[in-house]
Amino acid sequence: DGLKSYATSGQSERDVYAMFFSQKAWDTFNLSEEDYKLMNEIKSALNGDAEDEDEDKELSIDWDGLEDRTSRLTIHSSLLSDAVLSKDGGTLYYLTRFEGTYNLWETDLRTRETKVSVRLNSGPGRLMWDKDMDNLYLLSGGRISKVAPGGSATPISIAGEMTYDADKERQKMFDHVYIRTKNIFYEPTFHGNDWDFLYNEYKKYLPHIGNSYEFAEMLAELLGELNVSHAGARFNRSIDNPDQTASLGIFWDYNHTGNGLKITEVIQGGPLDKAAFDIKPGMIIEKIDGELVSPDRDYASFLNRKADNFVLLDITGPGRNERKQITVRPITLGQERQLLYRRFVRINEREVEEKSGGRLGYVHIPGMSDGPFRNVIERMLGKYVDTEAVLVDGRNNSGGDLVADLVMFFTGIDFNTYATADKDVGGEPTSRWTKPTLSLFNESMYSDGHCYAAAYSEIGIGTSLGMPVPGTCSFAGWEMLPDGTRWGVVPISARNYHDEWMENNQTYPDIIVRNMPGYVDQGIDQQLERAIEQMLSELDAEGNE
């Protein structure tokens with residue numbers, strides 16, 4: 001009943017509902033607190049201490065009207081992780097969060113009084129009663145706690161040792177991968193491979209495997225024989241205090257031969273993009289934390305593990321005698337990548353607007369999730385609502401689960417107009433795009449990104465342009481093995497309009513355009529340039545009909 005993600009796989013709020021198997025149970029549930037107390041008093045007066053005659057009866061379901069005997073138990077929707085009922089069925093306990101961490105909440109189902117029961121400050125988890133429903137336990141983050149509703153949570157320590165044979169464990173894990181793949185792989189011929197034969201061929205390497213890195217690599221080779229997406233194996237472990245180069249959010253001149261980093265561009269939104277700093281191209285970062293940035297030392301070493309920590313910069317220029325000192329907090333390389341992505345989008349938006357004379361809009365879909373879809377809606381029904389058409393850039397889309405939402409959004413049809421005698425002021429549909437689109441494809445669209453490219457082409461939503469998209473419209477089936485190796489293989493793929501498997505069945509755009517070396521490195525996007533020309537020509541042709 002709460003907020004719902006646009007994307008199918010996005011995060012949504014949840015509620016707890018109950019279904020009542022008998023009319024009697026339903027009637028009892030709907031009694032007010034006063035009526036419920038009165039009913040129990042009458043029962044007690046009539047039966048004394050005798051057990052309720054309905055206790056321990058065999059379950060009987062009254063099917064007539066069953067679907068109508070449902071009720072929402074939670075009074076608020078939330079990012080709910082798990083829920084259980086008390087032994088008497090009168091209290092709902094549920095694990096949810098409204099801020100950063102999860103806590104145990106409780107609702108009296110008769111009075112609807114709701115409050116925090118135990119402040120756990122944990123992550124998401126599972127709640128479970130013991131056999132007699134006397135003690136409540138929480139499993140969260142790999143740890144078990146005993147939870148006393150209305151009180152506190154007590155961690156349960158588990159300690160023990162075991163002797164195991166690593167070689168035999170790898171043998172069991174290898175057999176598990178073989179058996180699971182044999183039983184869940186989406187296509188019975190295993191893409192023309194003899195899976196039993198491959199099992200025996202790779203099994204002989206097991207005695208020579210010495211660690212989990214080697215084991216994961218061998219599994220990756222085995223699964224690679226199937227020539228399928230969403231498959232493989234990998235193993236890694238976290239490293240304490242690893243090297244992590246921070247970023248100042250700049251581009252610098254690689255041809256600069258003197259000391260320091262000569263700035264060629266300050267990335268918008270980055271650490272140095274502050275009005276008070278007044279940093280401009282041509283300035284040189286001469287020192288970092290008092291150390292001279294010399295050509296014989298990799299500058300990255302000055303910024304190792306400095307993300308979100310204050311760093312002192314000595315900056316010179318652009319004049320000979322100009323110099324300043326500033327204190328700044330560098331960002332992580334992941335944060336820098338987000339800034340670079342937004343820079344990429346801004347550059348493309350500006351190019352489309354300039355070369356089309358404002359007739360076209362531009363949106364990019366980096367992945368198939370809730371955030372990108374909300375951005376598409378915001379831009380197309382906001383900034384670009386008055387444009388004649390929009391270029392939809394799906395290049396480098398990493399996948400997710402959004403194709404149905406996008407297809408519906410891009411295929412709106414005008415069916416009425418809101419107007420006065422003097423002018424049109426709107427119309428229906430108000431939440432779908434009803435004008436032309438052209439979509440850009442490339443080789444780096446993956447998973448649901450390929451599903452989108454195929455749907456856009458097969459339904460004929462608009463012209464597509466770019467390079468063929470590899471056939472990867474399949475679901476992932478990832479699993480963690482006991483040693484920490486993560487592996488997976490495709491349990492389900494998709495079939496297209498023509499009842500063809502989409503796995504390994506690449507989608508060709510209507511117009512093939514390559515981004516060639518010698519152009520890309522000069523900032524020239526040949527695919528985008530051609531897309532602008534193509535969309536304008538289609539609009540002009542339509543206007544002349």
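## A salt bridge between Lys204 and Glu201

Lys204 and Glu201 are joined by a salt bridge, with 3.6 Å between the closest N and O atoms. A salt bridge here is a side-chain nitrogen of Lys or Arg within 4 Å of a carboxyl oxygen of Asp or Glu. Lys204 is partly exposed at 48% relative accessibility, and Glu201 is partly exposed at 32%. Partly exposed lies between buried (under 20% relative accessible area) and exposed (over 50%), using a 1.4 Å probe and protein chains only.

## Basis of the values

This is a predicted model, in which local features need pLDDT of at least 70 and side-chain atom pairs count only at pLDDT 80 or more, while totals for chains, interfaces and linings use all residues. Residues are numbered from 1 along each chain as its sequence is written, and side-chain values use heavy atoms, leaving out hydrogens and water.

Arg323 forms a salt bridge with Glu286, their closest N and O atoms being 2.9 Å apart. Arg323 lies in strand β17 (residues 323–328) and Glu286 in strand β14 (residues 284–288), 37 residues apart. Helices (H or I, at least four residues) and strands (E, at least two) are DSSP runs, numbered from the N terminus. Arg323 is exposed, at 54% relative accessible area.

Glu529 and Lys355 meet in a salt bridge of 3.1 Å, N to O. Glu529 belongs to helix α10 (residues 526–544) and Lys355 to helix α6 (residues 333–356), so the pair ties together parts 174 residues apart in sequence. Glu529 is partly exposed at 27% relative accessibility, as is Lys355 at 44%.

The salt bridge count comes to 26.
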